[in-house]
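Here is a short walk through one protein model. Keep the sequence and the 3D view side by side as you read.

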Amino acid sequence: MCRRQVCRRQVCRRQVCRRQVCRRQGRQVAPGSQRRLARPAHGAGSHCGLAAGLAAAGRIGWVTAPASALDPAIARQLKRDGAGLFPAVAQQYDTGEVLMVGWMDDEALHRTLTTGRATYWSRSRSEYWVKGDTSGHVQWVRSVALDCDGDTVLVRVDQVGVACHTGERTCFAGRELPVEAGPAAAAPAAAAAASAGDRDSVTASTRGAGR
Ligand SMILES: [Zn+2]
């Protein structure tokens, strides 16, 4: 198997990984799942960023992705980036708070749909990440929706505690950027008041969504 450190430092730079490791993994793919997906020449989770970059640049070819148990009817609708990932927006199901954004691959989405726990792919740690496993700040899945382009997933959850590793309820709390035109610029005090509550923020953004 292709171990992360070996792969990143030695194997992939010599570009022998595809021949020696990944094709071996490819042969493990069950017959009938020989779809060519937009995933790099690596195993589950595309742990090697270098390989993903090379693949995206066309310097190495795509190979058959390891089979995920994700429903093929759902998988067919997904559009993934060069690393086989797509963003997942987590939203508090009842208040509308936008909690955080993570990344998923097919398997993470499958686990999210079937375990009741929001599960992401950590690009920094190159591993699946079940939200709350270490922090206790679990996200109980209430519904999952694919956006109109199939390239983003909205996961409505019941967030236990806080969503952000900084201890804030959401990853966006207290991180407003200056908006220099429009109503927010004309009435900064009103804009600040609106952004103080996430429910109000969502209402404000919804109001402008159709424009
Ligand atoms: Zn955060």
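The paragraphs below go from the overall layout to the core and then to one loop.

This is a predicted model, in which local features need pLDDT of at least 70, side-chain atom pairs count only at pLDDT 80 or more, and totals for chains, interfaces and linings use all residues. Residues are numbered from 1 along each chain as its sequence is written.

The protein chain has eight helices and six strands. Both are DSSP runs, numbered from the N terminus: helices are H or I with at least four residues, strands are E with at least two. From the N terminus, the order is α-α-α-α-β-β-α-β-β-β-β-α-α-α.

Of the 211 residues in the protein chain, 29% are buried. Buried means 20 or more other C-beta atoms within 10 Å of a residue's own, exposed means 12 or fewer, and partly exposed lies in between; C-beta atoms are placed from the backbone.

Next, the core. A nonpolar core is a set of buried Ala, Val, Leu, Ile, Met, Phe, Trp, Tyr and Cys residues joined through C-beta atoms within 7 Å. The largest one holds 20 residues. Ala 88, Ala 90, Met 104, Ala 118, Tyr 120, Val 153 and Val 155 touch the most other members. Strands S1 (86–92), S2 (98–104), S3 (119–122) and S6 (153–159) and helix H5 (106–115) each give two or more residues to this core.

Finally, Thr 95 sits in the loop between S1 and S2. Thr 95 counts as partly exposed because it has 14 C-beta neighbours inside 10 Å. Its C-alpha atom is 9.7 Å from that of Asp 158, 63 residues apart along the chain.
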